Structures are given as C-alpha cells and as structure tokens.
Amino acid sequence: MIVYVLRRLGATLIVMAVVALFVFSLLFLTPGDPAAVIAGDVATADDIQRIRAKLGLNEPFLVQFGGWVWRLLHGDLGTSIFTNLPVTTLIGQRVQPTVSLTLLTLVVAVLIAVPVGVIAAAKAGTWTDRLVMGFSVLAFSVPVFVLAYLLIGLFSIRLEWLPVQGYRPLGEGLWPWLSHLILPSIALGTVYMAFIARITRATMLDVLAQDYIRTANAKGLAPRAVLTRHALKNAGVPIITVIGIGIALLISGAIVTETVFAIPGIGRLTVDAILRRDYPIIQGVILLFSGVYVLINLLVDLSYRLFDPRIRY
Amino acid sequence: MKVVSASLRAFALALAFVAGSAAAQEKVLKFIPQADLRILDPITTTAYITRNHGYMVYDTLFATDAKFQVQPQMVEKWEVSKDKLTYTFTLRDGLKFHDGQPVRSADCIASVERWAKRDSLGQKLAEAIESWTAVNDKTFRFKLKKPFALTLQALGKLSSNVPFIMPERIAKTDPFQNITEVIGSGPFKFVKEEWVPGNKVVYVKNTDYVPRKEAPSWAAGGKVVKVDRVEWTYIPDSATAAAALNAGEADWWEQLPPDLIPLLRKNKDIRVENIDPLGSIGIIRFNFLQPPFNNQKLRQALLYVVNQQDYVLGIAGDEKNGHTCYSFFTCGTPLSSEIGAEPLKGKRDFDKAKKLIRESGYKGEKIVIISATDQPIVHTQSLITTELLRNLGLNVELQAGDWGTLITRRTSKEPVEKGGWSIFHTWWVGPDLISPANMAMVNLGEKSWIGWPANPKIEELRQAWFNTSDAAAGKKASDAVQREAFSFVPYITTAQFILPAAYRSNLSGMIIAPVTFLWNVEKK
C-alpha cells in the first residue's frame with residue numbers, strides 16, 4: 001500500500017507539472033492584459049506599455065515560464081499584480097472560509113443524504129420513496145443562486161435569524177462561525193444532497209436485489225442489520241466515489257455561493273483574478289485546486305478497502 | 001488560595017467587561033463601496049475606488065469646494081509673485097504622517113513631482129515649472145517658466161488623479177510602479193493587516209489629524225472624523241448588498257443599480273438619495289486610426305441621431321437619475337455650454353444623418369462595437385448604439401466580452417479584421433470632464449487617450465485655454481474648444497446620470513459631492 005501511495009504521489013507531481021504548463025500557456029493565449037486593467041480607463045497606450053515593461057509581461061514566453069517555475073520550486077507562488085501581496089498570503093486569507101463552507105456542506109449533506117437514500121431504497125415504491133425522489137428532483141432543478149436568495153429573504157430579512165452575508169472565523173466563536181455558514185451550506189449542499197441520495201438509493205436497490213441479501217433475510221436477520229451491515233457496506237464503494245466527485249463539484253459550486261453570500265473564499269478570489277487577469281493568482285489557485293483534486297481522488301481510492309476487503313493495492 | 005483565585009477571576013471578568021464595553025462603544029461605519037479596492041496607489045491608477053481610498057488616507061495641498069473654488073487644505077498660506085512666475089507655499093502647523101513623521105516641504109515636492117508624471121493636468125503643470133525648491137521644512141516654492149493660471153486648480157484637482165501628499169521616501173517610487181506602503185497624513189489610517197482584497201478594507205480614525213476650521217465643502221474644509229472605524233465590505237452581488245443594507249448589516253451603499261431603488265425605498269429605515277450633484281457622463285468613443293470613423297462626416301452623422309434620452313433611461317432607468325447634457329464640459333459646472341451643440345440637441349434627423357453618411361463615402365465597411373457585459377453602463381450604451389447604427393443601415397457588429405478583455409482590446413490600433421475596433425463606450429465622473437484639460441479631449445494622435453484623435457486646431461485652442469488668466473477669458477477659450485469639438489467630434493456625450501446612494505437613516509452629515517467622502521459622517 002505504501003508503494004501504491006508513493007506511486008500515486010509521484011504521478012501527482014507529473015500531473016501538477018502538466019497542469020502548470022497548460023495553465024501558463026493558456027493564460028498567454030487568453031485575451032486581456034493586466035497592464036491595461038491596472039492602467040485603468042484613462043491610460044494611453046504608452047502608459048500601458050510602460051506598465052507591461054515594469055511587470056515583465058513583454059518578456060518571451062519561455063523566459064516568463066522559466067522564471068515562474070524557478071520561483072515555484074523555491075516555494076514562491078509570486079505576487080499579485082494588483083495588490084502587490086504574495087499569492088500565498090492571498091490564498092491563505094481565503095482558505096479557511098472555503099474549507100469551512102465545503103466541509104460543513106459535505107458533513108451535513110452526507111449525514112442527511114445517505115440515510116435518506118437508504119430509507120428510500122428500503123421503502124422502494126412507497127409514498128416515502130416517491131416523496132424522497134420528488135424532493136431530490138426539485139433540489140436538482142433549483143439553481144444555487146435562486147435558493148440562496150430565497151433563503152436570505154426568509155431567514156435573514158423576514159425572520160432575522162441569520163446574517164445575510166460575510167464570514168466570521170472560528171476563532172471568533174462557534175455561533176458567529178456557524179451562523180454565517182448555515183444558509184450558504186444549505187444553498188450549496190442541496191443539489192449535492194439530492195445527488196448523493198439518488199445514488200445511494202440506486203446503489204442500495206442493486207445490492208438489495210443480490211442473493212446474499214436474500215440469504216440474510218432468510219436467515220431471519222433483523223431488517224436494520226441487513227440494511228446497514230450487509231447492504232450499505234457493500235454499496236459503500238460507489239457512494240464514496242460519488243462523494244469524492246461531489247467534493248470537486250462543491251468546490252466549483254462554492255464560487256457562486258461565495259459570490260451571493262459575499263464570503264471571501266477561494267472561489268471568489270479565482271473569479272476576481274480571472275476578470276482582472278491577475279496571472280500569478282490564477283496560476284497559484286489552479287495549482288492548489290489540482291493538488292486538492294488529486295489528493296481527494298487518492299483518499300477515495302484508499303478508502304475503498306474499508307468497504308471491500310477484496311481490493312488490493 | 002481559593003480567595004486569590006476567585007479575586008483573579010473577578011478581576012479578569014471585570015477586564016473583559018471593560019474591554020467589551022469599550023468595543024461596544026466603538027462607532028463603526030459599515031460601508032459598501034462601488035468596487036473592490038485592488039490597487040492602493042492613487043497615482044498609478046485612475047480607478048475611482050482607489051481615488052476614494054486616497055481621500056481616506058492622504059491629504060492634499062489644495063482642494064476644490066462645492067463652488068468649484070480652490071481652497072487651501074494642507075497649505076496655510078501661499079503667495080504668487082507679481083509676474084505670476086513664482087508660487088510660495090507654507091504648510092499648516094502640526095501636519096503629521098501616520099508613521100509619526102512631520103510633513104515636510106520635501107514630501108510635498110516629491111509627491112507633486114510623482115503625480116505630475118501620471119496626470120494629464122499635472123503634465124501640463126510640470127511643463128510650465130522650471131524648478132521646485134524647499135525653502136525650509138515648512139515652505140516650498142514652484143518657479144515657472146511661463147505663467148500657468150491653473151497651478152492651484154491642478155494642486156487642488158478633485159478627481160483622478162488627485163495630487164495626494166505622501167512621505168518623500170514613498171513618493172520617490174517610480175510613478176509606473178505601485179506603492180506598497182500606505183502612509184498618508186489624512187483623516188483616516190489604513191489598517192493593512194485587516195485588508196482582505198476582494199472583501200474588506202479597514203480604516204481607523206487618525207487621532208493626530210488636525211482638521212481645518214472651515215466647514216466641509218466637497219474636498220475642502222474641515223475633515224472631522226466622527227466615527228472610530230470604517231469598514232468597507234465589497235459585496236459583488238447587488239441583491240445581496242441590498243439585503244445586507246435592509247438587514248442592517250451595512251450602513252451605507254455607495255452606488256446602487258436603478259432596479260433596486262424601489263425595493264430599498266420600501267424600507268422606512270433606509271434613505272435613497274442622489275448625493276452626487278454632478279453624476280457621471282457616458283460617452284461614445286471612436287477609433288480615429290481606422291475606417292470608417294476616421295471620417296469626420298460619419299462621426300458628424302451620429303450627432304444628428306444620438307438620442308440622449310434613450311441613453312439616460314437605459315443607464316439610469318428613471319429620469320430622476322439622469323438628464324441630457326449637450327456640452328463637452330460637465331453640465332452644472334462653470335464651463336458647460338451648449339455652444340455648437342445644435343446637431344446633438346436639435347430634432348433627431350435620420351435623413352440628414354444618412355445624407356452625411358453618403359457624403360462620407362462609406363462603403364459598408366464593418367463597424368465593430370466592443371462591449372463588456374460585466375459593466376452595465378458600458379453594455380447598455382453599446383446595445384443602444386448598435387441598434388441606432390443598424391437603423392442607419394450601417395454594417396455594425398457588437399462584440400461583447402468582459403471588461404478585462406475590452407480594455408485590452410481597445411488598445412489595438414489594427415483594423416477590425418485583425419482584432420481592432422471602431423467604437424467603445426465608457427463613462428467619466430463629472431469632475432473629470434469639467435474643462436478642456438480632460439483626457440478625452442486631448443487631440444495629439446497616437447499620444448492621445450485610446451481612440452487617438454488628431455486635431456491640431458483643438459490642441460491650439462486647448463493651449464489657449466491653459467494660457468488664460470481669468471475666469472471670463474477661460475470661459476471664452478473653452479467655448480472655442482467646444483465649438484471646434486462639435487465639428488470634429490472627438491467623442492459624443494450620451495447621458496449625464498447619477499447612481500444614487502442608499503444609507504440607513506441613523507447616518508447623518510454626508511457631504512454632497514461628486515466624490516464619496518467619509519469624514520463628517522455621524523452614526524447614531
């Protein structure tokens with residue numbers, strides 16, 4: 001297993017290098033010039049040229065790429081063109097809100113969706129099943145931002161229970177942190193929850209139709225034990241896979257959620273950087289995302305053995 | 001032992017209570033700015049958000065008041081020699097930078113020198129200056145090669161770029177490189193540790209600041225800070241910003257889109273007001289290097305069909321928030337005039353326009369209007385102009401992207417087939433277009449602002465305006481510039497509009513001005 005993990009980590013480095021080259025090349029081909037954005041609306045072409053020269057944007061592609069890789073190897077992700085702050089500082093400021101939002105959403109969604117999916121499968125064809133599936137279709141159909149505005153309108157404006165926007169670090173207390181994340185988590189997690197519930201139901205139905213489940217039932221095992229110990233455990237691999245894929249979806253979905261709820265997370269940092277062509281931030285964030293995705297995939301793969309001892313690495 | 005422990009606990013609780021009380025008593029003004037503050041250097045960028053940040057942190061030698069008069073600000077007294085070639089300035093007592101250092105003549109000279117390398121009016125001033133000398137730490141002198149009547153107006157310039165005063169060591173930074181240290185002598189101090197770009201900017205009251213005694217008037221007068229702390233929270237989504245104001249999470253929203261005005265007016269605790277007396281001005285800018293708008297007759301043709309009312313309604317949504325303006329110089333300011341404006345102001349005349357198009361020799365060349373969908377003011381104007389040009393039978397194509405793409409693409413001097421452009425729209429705040437000094441009016445070909453018009457006659461007339469010695473002569477000279485401009489058409493004004501502000505009714509003391517100033521504001 002250790003060999004497998006090391007091999008995967010080695011592959012991760014190759015993936016990251018390819019991503020880095022791809023991102024750097026892509027930004028070169030993208031229309032938009034940070035110098036023009038910095039210069040503002042009243043700059044002349046000469047002003048823009050001077051700023052380009054200052055920023056080193058007139059250097060050939062290979063020189064810029066080489067310099068970037070060299071700095072990267074020294075742990076330097078560069079400096080934001082606009083704010084002059086190190087990219088690591090900017091990403092550091094934004095990690096906690098996004099991680100908080102994503103983890104809370106993930107935990108709540110899994111805790112609700114998996115049992116709901118299991119119940120729906122156990123009660124397949126009944127009104128409970130139809131109700132669950134009806135809600136999941138509805139949850140799939142409502143865009144995140146629409147749900148977000150509805151939640152703000154009800155819980156923040158009308159009932160005044162929760163704040164409209166912003167983020168408070170956990171260091172300021174549990175309730176300030178939680179109160180600012182409840183609505184964004186619901187908005188972000190609803191689609192995700194529906195997705196996991198449907199997959200859980202479908203997988204469970206497959207498993208429940210297997211011979212060994214019939215045997216377990218015939219042996220007179222309690223229905224709950226059959227469901228949890230026999231069926232759910234065997235349905236675990238596809239569910240975990242979907243949860244893993246879902247984390248990637250959550251991170252990308254967080255962009256909309258962070259914008260609507262004015263949460264200063266990585267998603268908003270990325271969008272702002274793209275709109276302003278702040279290349280060092282874009283490169284840094286994409287590298288970070290790539291690393292996170294690869295790591296999640298690795299953890300998901302490793303977790304398969306917990307559910308299926310037949311899997312060997 | 002238990003007694004000691006209990007006493008310590010009680011003492012700690014008392015401390016916590018006192019600290020809590022102090023925190024509770026702190027007055028925090030929660031402000032939603034018009035944009036995100038990205039660049040901290042108000043000299044390298046003309047972005048209005050950075051200008052507003054500049055006014056929080058820095059002070060100016062002179063400042064413009066609500067009567068368009070230039071008043072001393074950091075300067076205590078000044079003298080102009082009889083030949084108008086020597087200006088001697090003496091600073092007020094007690095001026096101190098946020099790092100505790102006194103403001104010296106050398107700081108002022110270095111700051112003005114740096115600003116003059118970036119600002120169009122500053123460049124004119126620099127051309128006129130022979131030397132700038134520090135007489136002593138509080139007194140400095142500008143010696144001119146030739147009289148420059150706008151010296152004080154330049155030093156008291158209201159909007160971008162504003163000649164803010166910084167410490168000499170910072171002002172020595174290359175004017176094309178952003179400064180990273182924010183040290184001014186203004187009424188607020190910037191708290192860099194709490195700055196989260198894209199989200200939050202924090203300022204605290206500068207308790208060392210000594211305001212002038214006069215009442216505040218635009219950028220002039222006493223800058224008395226009546227809150228302890230100001231937090232700018234940038235909320236990119238306007239519906240969320242409205243909700244935050246409704247819920248009391250914000251005190252003041254600097255600029256709201258017209259469609260949200262009715263929603264906010266429903267809340268009796270919120271006031272929606274136009275606190276900018278001049279507003280902003282939309283424009284159509286042509287590419288003078290490429291056909292077809294390198295042709296004067298084609299530009300003139302548009303003057304006969306542009307209907308400013310359409311643009312007012314398109315941008316502002318309501319006539320209460322905008323009006324027509326048939327002047328190259330901001331309506332409501334001393335140099336505004338309708339001289340030469342008949343083609344733009346008169347009855348809209350498509351036949352006349354089509355006749356001019358025929359006379360121009362237009363052969364159906366493709367006209368590309370570049371637009372930015374993430375800038376509603378730009379995109380609305382682009383849509384209206386596209387429709388207008390189509391109605392004239394012109395071969396027009398709207399190419400929309402984002403603002404970052406637009407402002408890069410507009411620097412292209414190539415034909416439209418090679419990625420160039422024919423028209424783009426933008427807007428300027430009123431103070432930036434109040435005189436022939438404005439950048440859009442510079443007609444020096446490729447040295448001009450984007451669009452690159454070349455008209456030696458306008459340049460001669462502008463120079464004549466710079467050389468005038470009194471207000472009456474200045475007005476006459478600016479009228480002459482305008483008359484020629486309506487013939488040459490360097491750009492077309494589309495609308496003068498205001499994006500209102502919204503604030504909670506517990507705020508008072510807002511300064512009605514074209515720039516948002518946060519001193520004098522009281523929160524109950």
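In the largest nonpolar core, 244 residues in all, B:L61, B:Y203, B:W252, B:L389 and B:F517 touch the most other members. A nonpolar core here is a set of buried Ala, Val, Leu, Ile, Met, Phe, Trp, Tyr and Cys residues joined through side-chain atoms within 4.5 Å. Buried means under 20% relative accessible area, exposed over 50%, partly exposed in between, with a 1.4 Å probe and protein chains only.

This is a predicted model: local features need pLDDT of at least 70, side-chain atom pairs count only at pLDDT 80 or more, and totals for chains, interfaces and linings use all residues. Residues are numbered from 1 along each chain as its sequence is written, chains are lettered from A and ligands numbered from 1 in the order in which they are written, and side-chain values use heavy atoms, with hydrogens and water left out.

Take B:L61. Beyond four places in sequence, its contacts (heavy atoms within 4.5 Å) include B:M74, B:C108, B:F140 and B:I165. Why does B:C108 count as buried? Because its relative accessibility is 0%.

Now the disulfide (cysteine sulfur atoms within 2.5 Å). There is 1 over all chains. B:C325 pairs with B:C331, sulfurs 2.1 Å apart. The link is right-handed, with 90 degrees about the S-S bond. Both cysteines, B:C325 and B:C331, are buried.

Last, chain A against chain B. The contact takes 42 residues from chain A and 50 residues from chain B. Across it there are 3 salt bridges, meaning a Lys or Arg side-chain nitrogen within 4 Å of an Asp or Glu carboxyl oxygen. One of them joins A:D272 to B:R38, closest N and O atoms 3.2 Å apart.
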